[in-house]
Amino acid sequence: VKLPLALLLTSFSEIIIILGIASLTSRLWTLDLPAIAGIIAVIGTGVDQQIVVLDESRTGKTLTIKQRLKRAASIILGSYLTTLGAMIPLMWSGAGLLRGFAIATIIGISVGVFITRPAFADIVKKIID
């Protein structure tokens, strides 16, 4: 019961952070339909990454929880770099619609990888220990 609740609360906080950044950068980035689609895509990848953290934390009993979470972090970092590599060309070459989607996705995955995934890993570590 605690782990799914932590997953939901972390996803909700990620959305709040992304919308906060959108409100702070309203002159540079408008929250239009493609940007909302980018946020929805970020939510999907975020839940996927949280499932990776949960899966890695429950398997491999010969490793410590810290080692298992390091393995999950390397998987998440690979996913982040792949998505970032796909979004940067869309941001630079894309017209208005593709640019909004790319910016929303880049901001969302960056918030996820650098803020909410480490927080979620700490929550999982405290629940499992």
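Gln-50 counts as buried, at 0% relative accessibility, where buried means under 20% relative accessible area, exposed over 50% and partly exposed in between, with a 1.4 Å probe and protein chains only. I begin with this residue and shall work outwards from it.

First, the basis of the numbers. This is a predicted model, in which local features need pLDDT of at least 70 and side-chain atom pairs count only at pLDDT 80 or more, while totals for chains, interfaces and linings use all residues. Residues are numbered from 1 along each chain as its sequence is written, and side-chain values use heavy atoms, with hydrogens and water left out.

Gln-50 lies in helix α2; helices here are DSSP runs of H or I with at least four residues, strands are runs of E with at least two, and both are numbered from the N terminus. If neighbours within four places in sequence are set aside, Gln-50 is in contact with Leu-7, Thr-10, Ser-11, Arg-117 and Phe-120, contact meaning heavy atoms within 4.5 Å.

Let us follow one of those partners, Arg-117. Is Arg-117 buried or exposed? Arg-117 is buried, with a relative accessible area of 5%, and belongs to helix α4, residues 96–128. The side chain of Arg-117 makes a polar contact with that of Gln-49, at 2.9 Å. A polar contact is a pair of N or O atoms within 3.5 Å; within protein, one must be able to donate a hydrogen and the other to accept it, and residues adjacent in sequence count only if both atoms are side-chain atoms. Beyond its neighbours within four places in sequence, Arg-117 is in contact with Glu-14, Gly-46, Gln-49, Gln-50, Ile-76 and Gly-112.

I turn now to the chain as a whole. The protein chain has four helices and zero strands, and its pattern along the sequence is α-α-α-α. Its C-alpha atoms fill a box of roughly 50 × 25 × 20 Å, taken along the principal axes. Of the 129 residues, 39% are buried. Among contacts between residues at least 6 apart in sequence, 67% join residues at least 24 apart.

Next, the helix pairs. Two packed helices are described by the angle between their axes and the distance between the axes. Axes are lines fitted to C-alpha atoms, for helices over the stretch in contact, and angles run from 0 to 180 degrees between N-to-C directions.

The axes of α1 (residues 2–24) and α2 come within 10 Å and cross at roughly 145°. The contact involves α1 residues including Leu-7, Thr-10, Ser-11 and Glu-14, and α2 residues including Gly-46 and Gln-50. By class, the residues of this contact are 11 nonpolar, four polar and two charged; Ala, Val, Leu, Ile, Met, Phe, Trp, Tyr, Cys and Pro count as nonpolar, Asp, Glu, Lys and Arg as charged, and the others, Gly among them, as polar.

How do α2 and α3 compare in direction, and at what angle do their axes cross? The axes of α2 (residues 33–58) and α3 (residues 65–93) come within 8 Å and cross at roughly 155°. The two helices are therefore roughly antiparallel to each other, a label for angles over 145 degrees, with under 35 roughly parallel, 65 to 115 roughly perpendicular and the rest oblique. Gln-49 of α2 and Ile-76 of α3 are among the residues that make this contact, which divide into seven nonpolar, three polar and four charged.

Finally, Pro-4 is found in helix α1 and counts as partly exposed, at 48% relative accessibility. The C-alpha atoms of Pro-4 and Ser-57 are separated by 14 Å, and the two residues are 53 apart along the chain.
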